[in-house]
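Okay, thanks everyone for coming. Let me put the structure up, and then I'll walk you through a few spots in it.

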Amino acid sequence: MMHALSLKVFIEFNATTRTCLLGRETYNSADLAPGKRRVGWGCKDLTRTCGIVASVGGGGGGCGGESLSSKSGSGELSPSSFLSRTQTYALLRQQMEVAAKSEDYEAAARIRDSLKSFEEEEPVLRLRRLMKRAVAEERFEDAARYRDELMEIAPHSLLKCLSDATTLGIRVQVRSVYIEGRSQPSKGQYFFAYRVRITNNSDRPVQLLRRHWIITDAHGKTENVWGAGVIGEQPVILPRTGFEYSSACPLSTPSGRMEGDFEMKHIDRVGSQTFNVAIAPFSLSTMGEDADYF
């Protein structure tokens, strides 16, 4: 299931201080057209008492500056095997969190070491590191080869957890993060939060009227979500100011992607036509990546 929870933050970028208004989003069934899915979702903390068993396979040898083989000791590298490995990774992370909360620090230390080993041997993470290093050293032919291998075994992995797009002077930035505390990998429940920042770099005030999200999980299942405004509001964004809010998306797979658009209109002239502002694709990933928030 794909849903959304939201928090809101107003930001005036040309001010020396920022005022934040925090609140939970609510929805009215009339906000959505007949036949469209309601987006609101009541979320609560999940108390976990279950034991989790996850192991790290003894992968192949070092990768050095060389390409990974299309085969490994644990079988063929493919999108399906990558999905299985990301599930294992999420289970290990959850198991470490449970051990730490119960003050079983010896177990937490063992799981931490397992996670470190997993991160060193996981093909996708290794290819990411190799590609990053190759680019830094201007070995672009090697970088292209690593990129192509990533595309073959884990297409979603090339998509970053942040996106940035500008339409008619309206800039939309998004950053996603995996929330372990609200996820239950053993039950196929993965919870991702994301923050959206909308900046009006144009000379005209705009109003956000509607939102449209396209959510795709790791199996390629796509869901379209429409709704009025965001977090229960249709904010007016003046020139050189912005609007920022946080929301969330549960998935049944440990990775996926989101993209979409906001329908807006200029409000300084009567009868102005609406226009769509693009939200560039970004990934939802339990593995995350090294990147600044925006």
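Let's start with two helices. Glu119, Glu120 and Glu121 in α2 meet Pro123, Leu125, Arg126 and Arg129 in α3, where contact means heavy atoms within 4.5 Å. Sort the residues of that contact between α2 and α3 and you get two nonpolar, no polar and five charged. In that sorting, Ala, Val, Leu, Ile, Met, Phe, Trp, Tyr, Cys and Pro are nonpolar, Asp, Glu, Lys and Arg are charged, and the others, Gly among them, are polar.

How do α2 and α3 pack, at what angle and with their axes how far apart? Helix α2 covers residues 105-121 and helix α3 covers residues 123-136, and they pack at about 60 degrees with their axes 5 Å apart. The axes are lines fitted to C-alpha atoms, for helices over the stretch in contact, and the angles run from 0 to 180 degrees between N-to-C directions. So α2 and α3 are oblique to each other; under 35 degrees would be roughly parallel, over 145 roughly antiparallel, 65 to 115 roughly perpendicular, and the rest is oblique.

A quick word on what you're looking at. This is a predicted model, where local features need pLDDT of at least 70 and side-chain atom pairs count only at pLDDT 80 or more, while totals for chains, interfaces and linings use all residues. Residues are numbered from 1 along each chain as its sequence is written, and side-chain values use heavy atoms, with hydrogens and water left out.

Now the overall picture. The secondary structure comes to four helices and 12 strands; these are DSSP runs numbered from the N terminus, with helices being H or I of at least four residues and strands being E of at least two. The protein has 294 residues, and 45% of them count as buried. Buried means under 20% relative accessible area, exposed means over 50%, and partly exposed is in between, with a 1.4 Å probe and protein chains only. If you take contacts between residues at least 6 apart in sequence, 71% join residues at least 24 apart.

On to the aromatics. A pair of aromatic rings is described by the distance of the centres and the angle of the planes. Here, rings of Phe, Tyr and Trp (its six-membered ring) pair if their centres lie within 6.5 Å; planes under 30 degrees apart are stacked, over 60 edge-to-face, and the rest tilted. That rule gives seven aromatic pairs. Take Trp213 and Phe262: the ring centres are 6.3 Å apart and the planes are at 80 degrees, so this pair is edge-to-face. Trp213 is in strand β7 (residues 206-217) and Phe262 in strand β11 (residues 255-266), so the pair ties together parts that are 49 residues apart in sequence. Are these two buried or exposed? Trp213 is buried at 4% relative accessibility, and Phe262 is buried at 0%.

Then there's Phe243 with Tyr245: centres 6.1 Å apart, planes at 40 degrees, so that pair is tilted. Phe243 is buried at 0%, and Tyr245 is buried at 2%. There's also an aromatic cluster, made up of Tyr194, Trp213, Phe262 and Phe282.

Some rings have a charge over them, meaning NZ of Lys or CZ of Arg is within 6 Å of the ring centre and within 35 degrees of the ring normal. The charged end of Arg145 sits over the ring of Tyr146, 5.4 Å from its centre. Arg182 lies over the face of Phe191, 5.9 Å from the ring centre.

Next, Asn200, in strand β6 (residues 190-200). Asn200 is buried, at 0% relative accessibility. Leaving aside neighbours within four places in sequence, its contacts include Gly169, Ile170, Pro205 and Val206. Asn200 and Phe243 are 43 residues apart in sequence, yet 8.7 Å apart in space, C-alpha to C-alpha.

Glu138 has a positive phi of about 60 degrees although it is not a glycine, and it counts as exposed at 60% relative accessibility. Leu168, in the loop between β4 (162-167) and β5 (170-178), has a positive phi of about 50 degrees and is not a glycine either. Leu168 is exposed too, at 57%.
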